[in-house]
Amino acid sequence: MRFLVDECVGPSVVRWLRDNNYDATSAYEECHGWEDERILEKAFSEKRIIVTLDKDFGDMVFRMKLPHCGIMLLRCGYCGPAKKISMMKNVLTHHESELAGNFIVVTETAIRISGAARDRIIP
C-alpha cells in the first residue's frame with residue numbers, strides 16, 4: 001500500500017507508516033507548498049492514497065470528479081501525532097483492503113467509506 005501524506009498531517013504519521021513497512025512519501029519533503037490539485041495529480045500518477053486533514057480533497061473528488069487512488073481524511077479537530085497514528089492504525093487494521101479508490105473519512109468514533117459501490121459508516 002502506497003501513501004502520500006499531506007503537509008498538514010505532519011511528519012510523525014509519515015515516520016510511523018514507514019516504520020510499519022508502508023511505502024509513504026511526504027508532501028512536505030517532496031512537494032512543499034504545492035496546490036492541492038497538483039498533489040492529487042502526483043498521488044494519482046504514483047498510485048498513492050492521500051492522507052490529509054484538508055476537506056478540499058472532497059471537493060476535488062466529488063464535485064470536480066478528479067481521478068484519485070484513494071483519499072483518507074482524518075477529522076479530529078486539533079489532534080496530536082499520537083491521535084492521528086491511532087486513527088491510522090484503526091483504519092489499516094480493519095479496513096486496509098477497502099482504501100484503494102475510495103474516500104475514507106476517519107473520526108475518533110467512526111469510519112465512513114464512500115466510493116462508487118459503497119457509502120457506509122462503521123462505528
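Modeller: Keep in mind that this is a predicted model. I'd start with D59, which is partly exposed, at a relative accessible area of 38%.

Colleague: Which residue does D59 form a salt bridge with?

Modeller: With R63; the closest N and O atoms are 3.9 Å apart. R63 is exposed, because its relative accessibility is 58% and the cut-off for exposed is over 50%.

Colleague: How far apart are R63 and D59 in helix 4?

Modeller: Four residues, so about one helical turn separates them. In general, an α-helix has 3.6 residues a turn, so residues three or four places apart point the same way.

Colleague: OK, and which residues of helix 4 are buried?

Modeller: F57, G58, M60 and V61, in a helix that covers residues 56-63. Viewed down the axis of helix 4, the buried residues fall within an arc of 165 degrees, so they line one face.

Colleague: What covers the buried residues of helix 4?

Modeller: The cover includes helix 3 (36-45), along with strand 3 (49-52), strand 4 (71-74) and strand 5 (103-106).

Colleague: What follows helix 4?

Modeller: K65 does, and its phi is positive, near 60 degrees.

Colleague: Back to salt bridges. How many does the structure hold?

Modeller: Eight. One of them joins E30 and K42, with the closest N and O atoms 3.2 Å apart. That pair links distant parts of the chain: E30 sits in helix 2 (residues 27-30) and K42 in helix 3, 12 residues apart.

Colleague: Is K42 buried or exposed?

Modeller: K42 counts as buried, at 14% relative accessibility.

Colleague: Which residues are linked with E30 and K42 in a network of salt bridges?

Modeller: R2, D23, E46 and R48 are linked with E30 and K42 in that network.

Colleague: Take E46, then. What does E46 form a salt bridge with?

Modeller: R48, and the closest N and O atoms of that pair are 2.9 Å apart.

Colleague: And is R48 buried or exposed?

Modeller: Buried, with a relative accessible area of 6%.

Colleague: Fine. That gives me enough to look at.

Note on methods: Residues numbered from 1 in each chain as written. Predicted model: local features only at pLDDT ≥ 70, side-chain atom pairs only at ≥ 80, totals over all residues. Heavy atoms only, no water. Buried < 20%, exposed > 50% of the residue type's maximum accessible area, 1.4 Å probe, protein only. Helix = DSSP H or I, 4+ residues; strand = E, 2+ residues; numbered from the N terminus. Arc of directions from axis to C-beta. Contact = heavy atoms within 4.5 Å. Salt bridge = Lys/Arg side-chain N within 4 Å of Asp/Glu carboxyl O.
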